[in-house]
Amino acid sequence: MSQENMNNNAQHYLAEFDQFQETVERDWFSEQRQSALKLFIETGFPSSRLENWKYTDVRPIAKQSFSNVSTTTSITTEEIDAIRFQDIDCYELVFINGVYSKEHSRLDGLTENIVIENMADALAKDKDLLEKHLSQYADNNVSPFTALNTAFIQHGTYINVPKNTVVDKPINILYLSKDNAQPLATHPRNLVIMGEHAEATLIENYIGLDDANYFTNVVTEVSLSTASILKHYKIQQESVNAYHIGNLNVTQGKDSLFKSHSISLGGSLVRNDIYGQLAAEGASIVLNGLYMTDGKQHVDNHTRVDHLKPNTHSTENYRGVLNGKSRGVFNGKVVVHPQAQKIEAHQNNANLLLSDDAEIDTKPELEIYADDVKCSHGATVGQLDKNMLFYLRSRAIDEDTARSLLTYAFVNEIISDISLVPIKNRLEHLIIGQLPDAELIREFTNE
Amino acid sequence: MLEIQNLHTKIGDKEILKGLNLSIKAGEVHAIMGPNGSGKSTLANVLAGRDGYEVTQGSVEYEGKDLLELAPEERAWAGIFLAFQYPVEIPGVNNVYLLKAAVNAIRKNRGEQELDAVEFLALIKDKMKLVKMKDDLLSRSVNEDFSGGEKKRNEIFQMAVLEPKLAILDETDSGLDIDALKIVSEGVNSLRNEERSIILVTHYQRLLDYIKPDYVHVLSGGKIIKSGGPELALELEEKGYDWIVKDDKGENEAA
C-alpha cells in the first residue's frame, strides 16, 4: 500500500472518530482519546519495514474501512448457552460485537468490595481510580494499535480486586463477534487492578460466529500490587475471516505472580503482544502459549519481559502446530536491566510443521545487562518424530491416528499445565476436535 | 510361517543385507547372532516395516502373504511384534492407553470384539506379573523417564499383552543387568508355545543361557554364514566371531 493510501485510511479513522465522539459524553478522558488518535494518525498502521512487524503485514487490516457502529448487538439464549462454559461457575461478562450485554452477563453474588463491570460504566463513575490506572500500563507509543484502541475506549472490562481479597470464582469474559451491516472494528479495553495479596483468575475469550469479517483490536492492562496473583487465560477463536490484534500489558509489584496461557486457534491474521514489567523484587511471570494454524492463517506472538529488579523470574513456553499454507511468528524478548541481579529467565519455543507449505519464523531474544543471572532460551522447528511414528505403528496404531496422537501429545505439554480443569477440558475438546480420530485420542490423554 | 529368500536391502546407497535366507516354522525360536554392523538390526527393522530400508532383491513371505507389501500397522495386525533395541519415549501418550488401543486395533482388524475397559484391565493385570511391571509405569507416558531396564521390560510386557504370532526381539538383552535379564527372559519363556515363533537378535551368548533357541544363525556381511543348534552359540562365546567371519572378509563391513 502506498503512503497515500495509508493516509486515506487515516482519514477513514478520523471520520469514524468524529462519529464516535458524538456518541460518547465529553468527559475527563476525552483529551487522552484525542491525543491517542492524533498519535495513531501520525504513525499510521505499522509497516513491515519495522523490525517489530517484519514478518506480519497488516495491510489487509489497513486497507479495509471497518465501521465502528454495531448493528447487531443481540444473541439468542440458545446461541450464548452453546458458547458458555457449562461446567464451571464463574462471573461472566458478555460483549456482542463490542457492546456490553447486561442481559447475558452474570455478576450476581459478587461481594461488594470487588468491582467487575463494563468499562463504559467505570469511565462514567470511577474517574478518580481510573485516572490513576487507565492507559498507564499500555503505552500508546509502543503500538499504533494501542493508540487506536485508546482513542476508541468505551466497552470492555474493568476489574478491581482490593487488598487481601480472593475472587471466589473465575471471571470469564466473552467477546462475541457476529455479522454486522458493515465489517466492524471493535476496540475492547480491559483494566485489571489487583490490590496487595489479592487473587483472581481471568479468562478472555474471543469468539467469532457466522464466519464474519471483522477486526478486534483489544488492549488489556494489568497492575499487580505486592504479592498479588492473577491467572490469565486468553482463548482466541476468532472467525476464519477475522483480524485480531491483542496487546496485554502487565506491570508487577513485589512478589507478585502473573501466569498466562495464550491459546490462539482462530483468525485470519492474528497478532498477540504481551509486555511484562517485573518492576519489583520477587515478581514472577509465566507465559505459556499455543498456536494452531491451518489454511492461510497468519498468527504472530510477540512477548517482551523486562527484568527491572533483582530476584525476578520469567518462564516462557510457547508451542505451535502449523498446517496447510499457514504461517506463524514467534518473537520472545527478555531484557535483563543492569541492576537486575540474581534473576532467572527461561524461554522456549517449539514448533511442529505438519505440511511442506507451512512456515514459522521464530526468534527468542535475550538482552542481558547484569552479570549474575540464570538465563536460557531455545527454539525448535520440526516435523513429527519418525521414530515415534514407527513405534506407534508397530504397535498396531494406524498412520493417521499415530500422527494425530503425536500432534496432540505435542500440544498437550501446554494444555496439561492448566490448573483450571474446565478450561483444560474445553481446550482439549477444541484441539482434539481439529484432529482425526478424536474419540480415540481423547482416551490417550494423560490425566 | 516366515520365509526369507535372497533378501537384499539398502539404506541410501549402502547395501546392508546381501542375500539373506531364513526359514522359520511356527513355534520355533531362532537366534540371530553376529558382530556389530553385520545387519542384525536391519533384518529386525525390515521385518517390522521401518521406513528408510529399500529392498532391492528377494522376498519375505509371512503366513503365505508378501510381508513387504504391508504397512507397519498391518504387520502388527497380522501378528508381528518388534521389541525395540531402543524403545522410543513418547511424552504425552499414556502407556496403558496405547496398549488398549493396540489390543483393540488388532482385534478389530481380525474381526474380533473389542475389549472394554474392565476386560482390558483384567488382561493386563495378569500379564504384568509376567515381567514384574510396577503399576506406576502403566499410568506414565510411554517409556518416558523409564530406566533402560524398565524400557526393555515394558517391551516384553507389550509383547505379552499383544500375543504376537511372530516376535522379533532386537537386542533385548543389551543394557540389562543380570536380574533384569532373568526377569525379561522368564517373561519371554512363559510366552513360548507351539504357535508362536520368536527371533532373538543378539550380540551376546548370555541371553541364550536363559532363552534356549532351537536354532542359532550367524549373520555377517549381510548374509547368514553359518547355522546350527544352541551349541553354535557356545562355540561363538568361546572363540568369538573371527573364526567364522574370516571366510567372509572380502565383503564390505555393513552398518
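**View 1. Polar contacts between domain 1 and domain 2 of chain A in the predicted model**. Across this interface 3 residue pairs are in polar contact, both residues at pLDDT 80 or more. A polar contact is a pair of N or O atoms within 3.5 Å; within protein, one must be able to donate a hydrogen and the other to accept it, and residues adjacent in sequence count only if both atoms are side-chain atoms. On the side of domain 1 of chain A that touches domain 2 of chain A, the elements giving two or more residues are β8 (199–208), β10 (229–237) and β12 (257–264) of chain A. The largest share of that side, 4 residues, comes from β10(A). Strands are DSSP runs (E, at least two residues), numbered from the N terminus.

**View 2. The salt bridge between A:Asp417 and A:Lys259**. The closest N and O atoms of A:Asp417 and A:Lys259 are 3.5 Å apart. Between domain 1 of chain A and domain 2 of chain A the count is 1 salt bridge (a side-chain nitrogen of Lys or Arg within 4 Å of a carboxyl oxygen of Asp or Glu).

**View 3. The two domains of chain A and their buried area**. Domain 1 covers 3–280 and domain 2 covers 386–447, with bounds from an automatic or database domain assignment. Their C-alpha centres lie 32 Å apart. Domain 1 gives 16 residues to the contact and domain 2 gives 13 (heavy atoms within 4.5 Å). Together the domains bury about 1,300 Å², 66% of it on carbon and sulfur atoms; buried area is the accessible area (1.4 Å probe) lost on putting two parts together, summed over both.

**Notes.** Residues are numbered from 1 along each chain as its sequence is written, and chains are lettered from A in the order in which they are written. Local features need pLDDT of at least 70, side-chain atom pairs count only at pLDDT 80 or more, and totals for chains, interfaces and linings use all residues, while side-chain values use heavy atoms, with hydrogens and water left out.
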